[in-house]
Amino acid sequence: MCSHQPTCPPVTDGPADPLTARIVADHPEQGWSLLCNGVVRFDDGGALLPDGTSIPAVVTSPAPADRYAAQPVAVAA
């Protein structure tokens, strides 16, 4: 049971976000943290809940392909 004040949000379908619980073990070199409520939170925004279900990682949209395409350069004669 959480002894923090205020208590950490439980892992439920309620209005509280279970990913806002306090970190009890942090492993930034491996990209994850264990939260007080038993959730493993990953640096990419995903999570693994104590019952084995997962919360998908946050996926950002890729940059448009033409954004990094080569552009013609004017060369002085």
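At 26% relative accessibility, H27 counts as partly exposed, a class that lies between buried (under 20% relative accessible area) and exposed (over 50%), with a 1.4 Å probe and protein chains only. This is a predicted model, in which local features need pLDDT of at least 70 and side-chain atom pairs count only at pLDDT 80 or more, whereas totals for chains, interfaces and linings use all residues. Residues are numbered from 1 along each chain as its sequence is written, and side-chain values use heavy atoms, with hydrogens and water left out.

H27 belongs to strand 1 (residues 23–27), strands being DSSP runs of E with at least two residues, numbered from the N terminus. Leaving aside neighbours within four places in sequence, H27 is in contact (heavy atoms within 4.5 Å) with W32 and S33. The C-alpha atoms of H27 and F42, 15 residues apart along the chain, are separated by 9.6 Å.

In the loop between strand 2 (32–35) and strand 3 (40–42) lies N37, which is buried at a relative accessible area of 18%. A polar atom of the N37 side chain lies 2.9 Å from the backbone oxygen of P9, and N37 also touches P10, V11, P18, A21 and P50, when residues up to four places away in sequence are not counted.

C8 is buried too, with a relative accessible area of 12%, and with the same exclusion of sequence neighbours C8 touches C2, A21, R22 and C36. C36 is partly exposed, at 26%. The structure holds zero disulfides, that is, pairs of cysteine sulfur atoms within 2.5 Å.

Key:
Helix = DSSP H or I, 4+ residues; strand = E, 2+ residues; numbered from the N terminus. Polar contact = N/O pair within 3.5 Å; in protein donor to acceptor, adjacent residues only side chain to side chain.
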